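Work through the exercises below with the sequence and the structure open. Each task is followed by a solution in steps.

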Amino acid sequence: MTTLGLSTYKTVTEEDVKFWFKAASVSKFPSNGGACIKYKNKQIAIFNFTREGTWYACQNLCPHKMEMVLSRGMIGEENMEAKVACPLHKNNFSLKTGKHLNGDLEAIATYPVKVKDGFVYVGFSE
Amino acid sequence: MQTIIVVGNGMVGYKFCEKFVAQADTKKYKLIVFGEEPRVAYDRVHLSEFFEDGDAERLSLAPRSWYQENTIELYTNERVSEINRATKTISTSKNRTFSYDHLVLATGSVPFVPPIRGVEKKGVFVYRTIEDLEETLAYANTVKGGKAAILGGGLLGLEAAKAVMDMGLEPHVVEFAPKLMPRQLDSRSSKVLQVKLESMGINIHLSKATNQILGNGKITGMEFGEDDTLDVDMLVISAGIRPRDELGKSAGLDMGTRGGIVVNNKMETSDPNIVAIGEVALYNQMIYGLVAPGYEMAQVAVDQILGKEETKMAAEIDMSTKLKLIGVDVASFGTPFMPSDKGHSIIFENKTESLYKRINVSHDGKKLLGGILVGEADDYNMLLQMYQNEMPLPENPEALIIGGRGEGGVSFGSAMDLPDTAVVCSCEAVTKGAICCSVLEDGNENLKSVAQATKAATGCGGCKPMVSDLITESLKTLGKTVKVQICEHFEYSRQELFDIVKLRGVQDYDELLDTVGTGHGCEVCKPAVAAIFASIYNETANKQNTIQDTNDRYLANIQRNGTYSVVPRVAGGEITPKQLMAMGRIAQKYDLYTKITGGQRIDMFGAKLHELPLIWEELIKEGFETGQAYGKSLRTVKSCVGSTWCRYGMDESVSFAVEIENRYKGIRSPHKFKGGVSGCIRECAEARGKDFGFIAVEGGWNVYVGGNGGANPKHAILLAEKVDKETAIKYVDRFIMFYIKTALPLQRTAPWLEKLEGGITYLQNVVINDSLGIVEELDAEMQALVDSYKCEWKEAVETPEIRERYTHFVNSEETDDNIEFVSLREQKMPKEWA
């Protein structure tokens, strides 16, 4: 049994991307909602923010209680900064920077996303 | 550049920093702070809340980043060990030396441990820091189910008793004095408090002097006198505080004979470059163990250092205090006990409801001198204001403590009647004038922005209701109405949104946001709007699943480790042996932890996301349907067996409960709601502890509404007496529908009813006498909801697109390998949080 800690997740920017992982077809992601994908030992939450016309990806692990749940959270926006609210205790994280918006937890790692030919790709540096 | 060193990062030390950076030019001053605890300053006043959620971070007064942003150098885990006044330097436990221009001693206090024989034994703790609590908790886990004593029946001792009870031990409070809280309460109020606490399972032992702690190596009991012992497995000492003054002593500052660093009204010690504030400072030959005077000292020290010499500590310090002790309000203000030559007292006591109120009035009946409130202290703020501002008393001052209850108007005028100089927030010393000015002149329009601007209500929070009233009233004078806006995306209250959705027939969240809202929504407005759609169209959460709270979205209750629990409906708590066996078989197959709930049904825990549709498919095949345990909707209708079996029963409570639970099942509302039906006034179903309840009496059913258990237990109030079943149902139909349409999001029926102007009389007029002319509409709306019920789990398992949502990964068949269970009494539970 593996317990994946926070150290597994490091923010990847578009410039760092070495490999675009073909995650799943667009239809797997509800509009204005999220779903979780697996890449190697990582769980990544991907959000289809239809209202903004943007896709976001971040670690599925909530740094508060170390549960793999962020993909099941509600997304929304605060002062037009896209965010996800953890379903367990409503901790809000920016989907742009990963910053914890309503407290002082560690920021979550975010990943670049692109959509091509009906498929969603997540960028990784390894 | 001047350097200011603050020794101590507790509440008062932090307050000094906060006030200092707010006022001082940070280019001229450098602030260095030392704290010996590993954590940044936290709220010790609410320490017992740490037990409720184990979340230490939530108690922090400011995150570490706050210190960085304000260029404060913060060294935690580093104790200042010595002051060298000649060189104006300090040294620390890590052997580092720093020099200062001003030194601020805010070292606080340590718990006083009386010199009792055996006090060093294992299992004896103090109650002061988060670390103390953690150690206590670790030990408590080894003696679970045992007894724990708390030495000291003061404020902190009673808080500790609650903490100990939460740890799963039987609490015994041992007090030397003949009464609880001897410094704040008179003996009658103390007795009222004692009876109340005893009814909650806290044992109280008064007039006990502890001679020794018994036990071989670890504590097994306490001995008071000859043959007078108490067996306990743990002891928490909370017998007062002693100032942590050793730094002052070794530096040769003037000290009090019983400890404490002597300060004058500028907070100056005998060395003009050193100030002392908080519980280490001896002012007027007193140590003040309350937050408010500590904060005031911090303000004086800041102003003195910045050269505003006119700010001085008041000669007399107000020790008024209000707190919620284990859910019981306790407050005292001014002179709580008063010799009869100074004035007379008016006392109201109601032992059955554990209420005690006392006010002390001057002989001429014109001034309020002080008082004590136990059991309910809603009027504390107003009374305190009247006392502090020497406001004239009404002709019959007893109305101040007995007039305000029930339907009659509150005896106080509005908070606006206070003089501008009245201090409304005593923690932060914010006046009524400052709060109103922040609204009228600076344009702040809600509690959050006023609190940010003035700091009011950011301390203990006790003044929040009054600050809200002042904001509302000030806005009214500007001709603005005050709206309880749902969130930044909708400038409407829930009730207004409800009407908009209904009138315009909006059926889609995005459409509503585009037409009457702004932005892209958030986790506050989405579920609120989802509930409105559900109440109007009775649509299930499956339709717009991404605007639902997680429990509604997946039709199950998310648990600590991200797994879910499954609760089928067992209407009225009536279940056949066959159904029991089916449930048992399914729980066993999926290895679920099972437990009987408080609502007379069975909860099955530990289901992984992908298992939910499989489990429900089997349950539905056995004839079960969803219990909506996850929803803001009807939960259960609890019943006693009633006249079908019980020899006292007046009517068939089970049949009624089954009928009514099936009537309201699936109806979504602003918050969850529960019902109860009892077959006689013995009330075994606890119907008066529910949002609605029926009790069978001679000649019909009594109908009660607006009760709940939980953190603020409330008994439901009588809506109608001795009515037949059909009438009873009709009244409750209308009550629920009226509540659904007008309540705030996440407001249960009890607080809704409390805020309803006119209270129960008004509600009776609406639902019985049709004073608003809306009962036909309410009846039709309720009937539509009842008629359109469907089991949303049946819908989910039968619809492939919905079933598909129940996968952990959308790109892999694997399941979440992060979930770990450990065994517990032949079942399983989630592994502890890392």
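This is a predicted model: local features need pLDDT of at least 70, side-chain atom pairs count only at pLDDT 80 or more; totals for chains, interfaces and linings use all residues.

**Exercise 1. Overall make-up of chain B**

Task: State how many helices and strands chain B has, and what share of its residues counts as buried.

Solution. Step 1: the secondary structure of chain B consists of 26 helices and 38 strands. Step 2: chain B has 834 residues, of which 46% count as buried. Step 3: for contacts in chain B between residues at least 6 apart in sequence, 61% link residues at least 24 apart.

**Exercise 2. The two sides of helix 15**

Task: Determine which residues of helix 15 of chain B are buried and what they pack against.

Solution. Step 1: helix 15 of chain B spans residues 509-516, and its buried residues include B:Tyr509, B:Leu512 and B:Leu513. Step 2: these residues lie on the same side of helix 15 of chain B, because they cover an arc of only 95 degrees around the axis. Step 3: the spacing fits a general rule. An α-helix has 3.6 residues a turn, so residues three or four places apart point the same way. Step 4: on the face turned away from the buried side, helix 15 of chain B carries B:Asp514 and B:Thr515, which are exposed. Step 5: the partners of the buried residues are helix 14 (494-504) and helix 16 (525-537) of chain B.

**Exercise 3. Helix 14 against helix 16**

Task: Describe how helix 14 and helix 16 of chain B pack against each other.

Solution. Step 1: the axes of the two helices are 10 Å apart, and the angle is about 50 degrees. Step 2: helix 14 of chain B is therefore oblique to helix 16 of chain B. Step 3: their crossing is right-handed. Step 4: helix 14 of chain B contributes B:Arg494, B:Leu497, B:Phe498, B:Val501 and B:Lys502, while helix 16 of chain B contributes B:Ala528, B:Val529, B:Ile532, B:Phe533 and B:Ile536. Step 5: sorted by class, this contact has 8 nonpolar, no polar and 2 charged residues.

**Exercise 4. Helix 21 against helix 23**

Task: At what angle do the axes of helix 21 and helix 23 of chain B cross?

Solution. Step 1: helix 21 (residues 725-742) and helix 23 (residues 759-767) of chain B have axes that come within 10 Å and cross at roughly 115 degrees. Step 2: helix 21 of chain B is therefore roughly perpendicular to helix 23 of chain B. Step 3: the crossing is right-handed. Step 4: B:Tyr731, B:Arg734, B:Phe735 and B:Phe738 of helix 21 meet B:Leu763, B:Val766 and B:Val767 of helix 23. Step 5: the contact has 6 nonpolar, no polar and 1 charged residues.

**Exercise 5. Chain A against chain B**

Task: Which element supplies the largest share of the side of chain A that touches chain B?

Solution. Step 1: the contact takes 33 residues from chain A and 29 residues from chain B. Step 2: strand 1 (19-25), strand 2 (33-39), strand 6 (67-68) and strand 7 (74-78) of chain A each supply at least two residues of the chain A side. Step 3: the largest share, 5 residues, comes from strand 2 of chain A. Step 4: by class, the chain A side has 16 nonpolar, 6 polar and 11 charged residues.

Definitions and conventions
Residues are numbered from 1 along each chain as its sequence is written. Chains are lettered from A and ligands numbered from 1 in the order in which they are written. Axes are lines fitted to C-alpha atoms, for helices over the stretch in contact, and angles run from 0 to 180 degrees between N-to-C directions. Helices (H or I, at least four residues) and strands (E, at least two) are DSSP runs, numbered from the N terminus. Angles under 35 degrees count as roughly parallel, over 145 as roughly antiparallel, 65 to 115 as roughly perpendicular and the rest as oblique. A crossing is left-handed if the near helix is turned anticlockwise from the far one by less than a right angle, and right-handed if clockwise. Two residues are in contact if their C-beta atoms, placed from the backbone, lie within 7 Å. Ala, Val, Leu, Ile, Met, Phe, Trp, Tyr, Cys and Pro count as nonpolar, Asp, Glu, Lys and Arg as charged, and the others, Gly among them, as polar. A residue is buried if 20 or more other C-beta atoms lie within 10 Å of its own, exposed if 12 or fewer, and partly exposed in between; C-beta atoms are placed from the backbone. The arc is that of the directions from the helix axis to the C-beta atoms.
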